[in-house]
Every structure is written in structure tokens, then in C-alpha cells.
Amino acid sequence: MKLRFAALSLFLFAIGLCGRAGASHLAADGGAVVAEPLTETGESNLAATPPMGWNSWDSYGTTISESEFKANAKWFADHLKAFGWQYVVVDMEWFVTNPTPEGNSKNSQFSLDDHGRYSPDVKRFPSSVNNNGFKVIADYVHSLGLKFGIHILRGIPKQAVEKNLPIEGSNYRASDAADTSDTCPWNPDNFGLDAAKPGAQAYYDSIARLYASWDVDFVKVDCISSRPYKGDEIRMLSVALRKTGRPMVLSLSPGAAPIEKLGEMRKYANLWRISDDVWDLWHSAVDYPQGLGDQFPRIAKWTGLTQPGGWPDADMLPIGYLGPAPGWGKARDTRLTHDEQRTLLTLWCMFRSPLMIGANLTRSDAWTTSLLTNPEVIAVDQHSKENRPVISTSSTVVWSARPEEGEDRYVAVFNLDEREQRIRYEWKELGLPGSRYELRDLWERRDRGPAESLALTLAPHGSVLYRVSAAVASGAKTH
């Protein structure tokens, strides 16, 4: 249902208070305000839970080839599909014929069809020959029981405008759609689309029909949700995708998406980024890249704003081997420690973020695989409620949530410090009314027994994730 503007403003003000820096204990009886749904996305089963998948950017930048993509998709199907992982996504500039890993080059050369729509580079994607586009690859992905996604940049190719190519399915040409004063600040490939021009919706309709003909399931659109936020283009693209009749998840990038546009994003999209790109470091002093530790306050601001079909997105999981040509930096094993990698997954799951793996899956080791195949941790991301931070200081953060069914709680404790830290909380500090609870360690997948308080030692940037249930046995001890 729709909320009045005044109510939404009051809600956002309350969320802002919860996300302020510094020490704060949120209310034990509920913490941050939980949002009422604003509007349905139109497809009741589309992104009903946070999408889980793999994206090529962190390991291949813009250089991914058909054989590399299919090898990752096959590994994904063999090892991850059974745990709920579903989407495999070709990221940026699959249409560039002379790609560089980081992309965004002023010297890029492009593959376009006769209607000014990007087509896959046939040298990297040979099955796209004869105007097949991504249809053959999508068929392969679907044969594995998975779903297929692509990355695009908002707008229309400058090359299409320079040639004033006709827009498929209409009487318009590229000049009837483009805003030639608008170019993405970090990518020179496209002009924006002018919603006041008659060809703008027609062009988005034409690419949506193309993607539907390829059987695409997921569209990540870039340079649209921040710097600047492009509400008209979000609406036009969303309308175009829905006109096709094919359910396609719409993901908005990059962040930070403006929280004041929440209602609009919920109406037209399924997920939206809350920050710039997160890479394999703890802290960053610049906008790009961002670090894992930088996400805690950003995620807190979005507390209570997740809902089926509309998910704030904390960005990709830069774990495993990032190579041979990552979108940032040199090929490498992730620089996040094992403790930091668990912290990454734990925070994302407690927030109920979409989960998009960045690793080169074909080089996954046992540790990386274990992170991605723990059903008890995945259940927190996919099937929990009332997710919120209950304690937040400069060195420690505690999140709480509930399973969808029953009276148990999920409790995650994070050490933000670079030193080992001993932590102790009484249950009432975490919003739990009882005096004794049974602990289940979800990462280790073993019971810890009953405890009269929560006491533990955490490694630098380490964390724990417990399922907490009322204790019935006598002789409880302190953990």
C-alpha cells in the first residue's frame, strides 16, 4: 500500500536516527521502525527473496569470454545450485570489441545492430554470430537449471546517435530519443535518454524486446541510481521490461541510491545498490573502491527497508580468486582474511542483501566453497525477519533477527577493531527477555549448549552468527 508523504518523511527521519555514528543501543523491543510495503513490483514472485548469483565483474572485468562464462556457470550449477544460488550474470561491456579489464575506455569500439542496440562481441561470444545475441548462452544456462543475466548502461549508444539509426519497432530514430547533453560521469559509451522526447520510451522498449528474445532473466543497469539518480530512465526501462511479458529482475547500480527515492525504486526495480563498489579491503578513504568495514553504517541506514521484490543491495562478494582480469587491481586471491570473509557473508545475510559472488568459481578452494554452501547461513539471508542492529559502537556491532517461523532469534556479533576483543552481553541487552538460551553456531554448524549470557572472544574483524533458542535443560553455564 502507499504511504502518505508525511508518514514517509517521519519514517525516514527515524531511520536516519538509527544510522547515526557513535555508540548507540537501539530499542530492545523492536529497534528501528519496520517499513510498510509501499507498492508491489508487478511480479509477485520476482525476487521474492534476495537474489543469489554470480557476476563476472570481480574476476573478469569487461573481458569475459563465452568459454569462461560457461565454465563458471557449469561450476555454479554443479556446486551451488542445490543451495539456492540461481543467477549467472555477464557484467559490463560485453559489446566492446577491444575490452580492457577496468572498462570505461574512451577508445572502446562497439558491436551494434542496425537499430542502435548493443550486441555481443562475436570474437568473445562466438555463438552470437548471425544475430543470435545471447540466446544460445541463455539456453545453455537454462539447461543447467539456472537463470541468465546481463549488465547494461543506461541510455543509447553515442554511435547510434551519430548515425541516427532507426529505433526498432517504431518510426523514430536515435536523435528522437537521446539527450546529447547527458553522459555518464565515468563511462563515455552512451548518451542519456530524454523522457520528453517521443523516441525515448521506444528505444527502451526496443532493447527490452531484444533481451526478452534472448531469454534474459536479470538486467543490471548502471549509472542510474546515483551520481546522478535518473528516475525517468528507471521508470522507462522498468515499463519496457514489463511490456515484454517476460519476468526480468531489474537491478539498479551503483550506489549510494538515495533513500528518499525508496518508494520510486520499489515501484520500478527489484534491487538497488546502497554504496559504490565494495572490493577486498576493510576500509577505504575514497569513493571507489569501498571496503567491507565501510558498509556497517550504510547498511544500518537501510534497516527495515527490505521487502519481497525490493532489496537494498550491499554489493558483490569479493571472495575467492579474483582473476585473471578483475575490474579493479591485479589478479589475486582475495585480500580479506578468513575472519573478514565470514564477517562479509554474515553482515550481508543479516541485512538480507542480494548475494552476488565475484570469485572465479573455476578456481574455488574448499574454504570459498564452504562459505557459499552453508545452508544454515543462507537461510538467514533468504528466510528471516525483523533484521536490525541492536548495538552499535565504534568497535562492536550486534545484529538481531528472527527466523520466519518460531520464537528463536538470530544474533550476529561483529568485531570492528583491528585487535582481538573480548565481548560480553546480558541477554536483555540484546532484546531477549529470558535468562538462559541455547546457542547454535551457524558457521560451525554445531550446538554450543546453554548460556546465561553471551560472552566470547572475537578475532580482528571477526564475527559469530548464532541461532538462539530458549534453554530447557538445567545446569546452564556462561559462554
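## Close-up views of a predicted model

**View 1. Welcome to the whole chain.** The accessible surface of the chain comes to about 18,800 Å², and carbon and sulfur atoms account for 50% of it (areas by the Shrake-Rupley method with a 1.4 Å probe; for residues, only the protein chains shown count as cover). This is a predicted model, in which local features need pLDDT of at least 70 and side-chain atom pairs count only at pLDDT 80 or more, while totals for chains, interfaces and linings use all residues. Residues are numbered from 1 along each chain as its sequence is written, and side-chain values use heavy atoms, leaving out hydrogens and water. You can trace 12 helices and 22 strands here (DSSP runs numbered from the N terminus: H or I of at least four residues for helices, E of at least two for strands). Of the 479 residues, 59% count as buried (under 20% relative accessible area, with exposed over 50% and partly exposed in between; 1.4 Å probe, protein chains only).

**View 2. Inside the largest nonpolar core.** This core has 105 residues, and Trp85, Trp94, Phe148, Tyr211 and Ile357 touch the most other members (a nonpolar core is a set of buried Ala, Val, Leu, Ile, Met, Phe, Trp, Tyr and Cys residues joined through side-chain atoms within 4.5 Å). Helix α6 (residues 199-213) gives the most to this core, with nine residues. Apart from this core lies another, of 19 residues, including Leu430, Leu432, Tyr437 and Leu458.

**View 3. The neighbours of Ile357.** Leaving out residues up to four places away in sequence, Ile357 touches Gly53, Trp54, Asn55, Phe76, Leu80, Trp85, Met316, Leu317 and Leu372 (contact means heavy atoms within 4.5 Å).

**View 4. Aromatic rings around Phe95.** The whole structure holds 19 aromatic pairs (rings of Phe, Tyr and Trp, the last by its six-membered ring, with centres within 6.5 Å; planes under 30 degrees apart count as stacked, over 60 as edge-to-face and the rest as tilted). Trp94 and Phe95 form an edge-to-face pair, because their ring centres are 5.1 Å apart and their planes stand at 80°. Phe95 is buried, with a relative accessible area of 3%. The rings of Phe95 and Phe110 have centres 6.2 Å apart and planes at 40°, so this pair is tilted.

**View 5. Charges over rings.** The charged end of Lys70 sits over the ring of Tyr140, 4.7 Å from its centre (NZ of Lys or CZ of Arg within 6 Å of the ring centre and within 35 degrees of the ring normal). Arg363 lies over the face of Tyr321, at 3.6 Å from the ring centre.
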